[in-house]
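Here's a walk through one protein chain, with an eye on who pairs with whom. Have the viewer open as you read.

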Amino acid sequence: SKSSKDFEFIGCCVEVKARRVAAKPFVSISSEEQLADVEGCRLFLRVWNISSAISPDGLTLHDHVKMTAAHFEDSVAAFDQWEEAIFATGYDPDNDYSDRRWHLGGSQTYEIMDGFPRVSVPLPFGVEMVSYSLSLEACSNFETNADLIKVIKDGPSNE
C-alpha cells in the first residue's frame, strides 16, 4: 500500500526482510522511514532465511502464493485485499515460475527500540532517500521470541 512499513496494525508495525542463507548477515533497508518509530506502536523486524535451487525440492513462487492465499479464503474482503496486494507486486499467475524453487528457512525477530542500530529521523537538511545495509550481528541484543500474531491481535499495550 506504498507505506513505509510492510505491515501496519493498531499498536504494532512489522518490517519483513528476506535474505539468502549463504549471504553475508546483512539486510537492506531501503529508506530512513522503514525502521523509524511510530508513536504508540511497537516495531519489529522479521528476517526470513531463504535459499533457492533449480531442483524438484522446495516450492515454486506459485506454490507459495497459493499457500498464502489459503489464509484469506474465509473472508472475501481480506482475500480481495490480498489479491490486490500480490498483483501490485508484479506477480502474474500466467508466468512460468517453475524453474526456480524456494526453501523457507528459519527466521529471527528483532524488536526495534532505543539503541537499535538504524538511521535516525528526521534526517539532516539536504540528506534524502537514504538506504543502508544493516548488520544482523549488531541487532543480536534486540532479538525477541515475541509471538507477533499475539502482539498484533492484542493491539496497543498499556506498558
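Glu111 and Arg42 join their side chains in a salt bridge, at 2.9 Å from N to O. A salt bridge here is a side-chain nitrogen of Lys or Arg within 4 Å of a carboxyl oxygen of Asp or Glu. Glu111 belongs to strand 5 and Arg42 to strand 4, so the pair ties together parts that are 69 residues apart in sequence. Helices (H or I, at least four residues) and strands (E, at least two) are DSSP runs, numbered from the N terminus. Glu111 counts as buried at 14% relative accessibility, while Arg42 is partly exposed with a relative accessible area of 26%. For the cut-offs, buried is under 20% relative accessible area, exposed is over 50%, and partly exposed is in between (1.4 Å probe, protein chains only).

A quick word on what you're looking at: this is a predicted model, where local features need pLDDT of at least 70 and side-chain atom pairs count only at pLDDT 80 or more, while totals for chains, interfaces and linings use all residues. Residues are numbered from 1 along each chain as its sequence is written, and side-chain values use heavy atoms, with hydrogens and water left out.

**More charged pairs**

Side chains of opposite charge can pair when their charged atoms come close. The structure has five salt bridges by the rule above, and here are some of them.

| Salt bridge | N to O distance |
|---|---|
| Glu111 and Arg42 | 2.9 Å |
| Arg118 and Asp37 | 3.0 Å |
| Glu15 and Lys17 | 3.5 Å |

Take Arg118 and Asp37, which meet in a salt bridge at 3.0 Å. Arg118 sits in the loop between strand 5 (101-112) and strand 6 (132-135) and Asp37 in the loop between strand 3 (26-29) and strand 4 (42-53), so the pair ties together parts that are 81 residues apart in sequence. As for the pair of Glu15 and Lys17, Glu15 is buried with a relative accessible area of 1%, and Lys17 is buried too, with 12%.

Glu32 lies in the loop between strand 3 and strand 4. Its side chain reaches the backbone nitrogen of Val130 at 3.3 Å. Setting aside residues up to four places away in sequence, Glu32 touches Val119, Val121, Leu123, Met129 and Val130. Contact means heavy atoms within 4.5 Å.

Pro25 is found in the loop between strand 2 (12-20) and strand 3, and at 42% relative accessibility Pro25 counts as partly exposed. Its C-alpha atom is separated by 6.1 Å from that of Ser135, 110 residues apart along the chain. Neighbours within four places in sequence aside, Pro25 is in contact with Arg19, Leu134, Ser135, Leu136 and Glu137.

**Helix 1 and its buried face**

In helix 1 (residues 61-69), the residues His64, Val65 and Ala69 are buried. Looking down the axis of helix 1, its buried residues fall within an arc of 130 degrees, so they line one face of the helix. That arc is taken from the directions from the helix axis to the C-beta atoms. Helix 2 (76-88) and strand 5 are included in what covers those buried residues.

**Rings together**

There are five aromatic pairs in the structure. Phe87 and Tyr91 have ring centres 6.3 Å apart and planes at 20 degrees, so the pair is stacked. Rings of Phe, Tyr and Trp (its six-membered ring) pair if their centres lie within 6.5 Å; planes under 30 degrees apart count as stacked, over 60 as edge-to-face and the rest as tilted. Phe87 is partly exposed at 39%, whereas Tyr91 is buried at 12%. The rings of Phe116 and Phe142 have centres 5.2 Å apart and planes at 70 degrees, so that pair is edge-to-face. Phe116 is buried at 4%, and Phe142 is buried at 16%. Phe87, Tyr91 and Tyr97 form one aromatic cluster.

**The whole chain**

Overall, the chain has three helices and six strands, in the order β-β-β-β-α-α-β-β-α. Of its 159 residues, 29% count as buried.

Definitions and conventions: Polar contact = N/O pair within 3.5 Å; in protein donor to acceptor, adjacent residues only side chain to side chain.
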